[in-house]
Amino acid sequence: MAPKTYHIVIVKKPQLLLRVSKIRIILDGKDIYPLETGVKLVIDVDHNNPVLVVTDGFHISRPLELVYNHLNTYYFRIECGMDDGQVIAGLTLTLFFFLLGLVTRWWIFGVLSFAPVLYILFLYYIKRKDFLSLRPM
């Protein structure tokens with residue numbers, strides 16, 4: 001009897017921070033698949049319980065073990081921990097507080113202008129495991 005073939009279909013969500021990074025899928029710690037924007041990646045697996053990890057070289061997602069009981073195909077979408085709205089809002093707040101501090105010459109607005117940047121850096125460097133994630137579709 002031929003071994004049963006399972007499939008994993010992965011797409012990348014069109015987000016600003018995901019467009020500038022090279023996303024790769026690691027299957028069982030040994031097979032590496034590059035993922036391009038707008039192209040779905042289909043991975044054929046010949047065994048049950050494969051482990052998937054998403055990486056961009058710096059961030060590594062939490063391992064996800066798939067169990068094929070009733071489904072032969074799993075569909076996933078790769079998402080970033082910061083969506084485009086958070087990035088744009090953070091940069092807008094930084095610019096707003098900087099300009100407000102420049103006009104009023106109050107130092108507190110200059111300090112507040114660093115808060116969104118520090119939050120973005122916190123998510124990028126400290127919460128590295130949650131920056132990239134696989135979400136079922």
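Residues are numbered from 1 along each chain as its sequence is written. Because the model is predicted, local features need pLDDT of at least 70 and side-chain atom pairs count only at pLDDT 80 or more, while totals for chains, interfaces and linings use all residues, and side-chain values use heavy atoms, with hydrogens and water left out.

## Aromatic rings

The structure holds 10 aromatic pairs, where rings of Phe, Tyr and Trp (its six-membered ring) pair if their centres lie within 6.5 Å, with planes under 30 degrees apart counted as stacked, over 60 as edge-to-face and the rest as tilted. One of them joins Phe-96 and Phe-97, whose ring centres are 5.6 Å apart and whose planes stand at 55 degrees, so this pair is tilted. Phe-97 is buried at a relative accessible area of 18%, whereas Phe-96 is partly exposed at 46%; here buried means under 20% relative accessible area, exposed over 50%, and partly exposed in between (1.4 Å probe, protein chains only).

The rings of Tyr-124 and Tyr-125 have centres 5.0 Å apart and planes at 85 degrees, so they form an edge-to-face pair. Tyr-124 is partly exposed, with a relative accessible area of 29%, and Tyr-125 also counts as partly exposed, at 46%. Elsewhere, ring pairs link Tyr-6, Tyr-68, Tyr-74 and Phe-76 into a cluster.

Phe-58 has a contact with a charged group: the charged end of Arg-128 sits over the Phe-58 ring, 4.5 Å from its centre. A charge is said to sit over a ring if NZ of Lys or CZ of Arg is within 6 Å of the ring centre and within 35 degrees of the ring normal.

## Salt bridges

The structure holds 5 salt bridges, each being a side-chain nitrogen of Lys or Arg within 4 Å of a carboxyl oxygen of Asp or Glu. Among them are the following.

| Salt bridge | N to O distance |
|---|---|
| Glu-79 and Arg-77 | 2.8 Å |
| Arg-135 and Glu-79 | 3.6 Å |
| Lys-127 and Asp-130 | 3.9 Å |

Glu-79 takes part in a salt bridge with Arg-77 and in another with Arg-135. Glu-79 counts as buried at 13% relative accessibility, while Arg-77 is partly exposed at 28%. Arg-135 itself counts as partly exposed, at 41% relative accessibility.

In the bridge between Lys-127 and Asp-130, Lys-127 is partly exposed with a relative accessible area of 35%, and Asp-130 counts as partly exposed at 37%. Salt bridges that share partners join Lys-13, Arg-77, Glu-79 and Arg-135 into one network.

## An open sheet

Strands are DSSP runs (E, at least two residues), numbered from the N terminus, and two strands pair if DSSP finds at least two bridges between them. On this basis 4 strands form an open sheet in the order 3-2-5-6, with antiparallel pairing. Strand 3 (31-35) and strand 6 (64-65) stand at the edges, each with a single partner strand, so one side of each is left without a neighbour in the sheet. Strand 5 (residues 51-55) is joined to strand 6 by 2 bridges, and the two run antiparallel. Across this pairing, Leu-52 stands opposite Leu-64 in strand 6.
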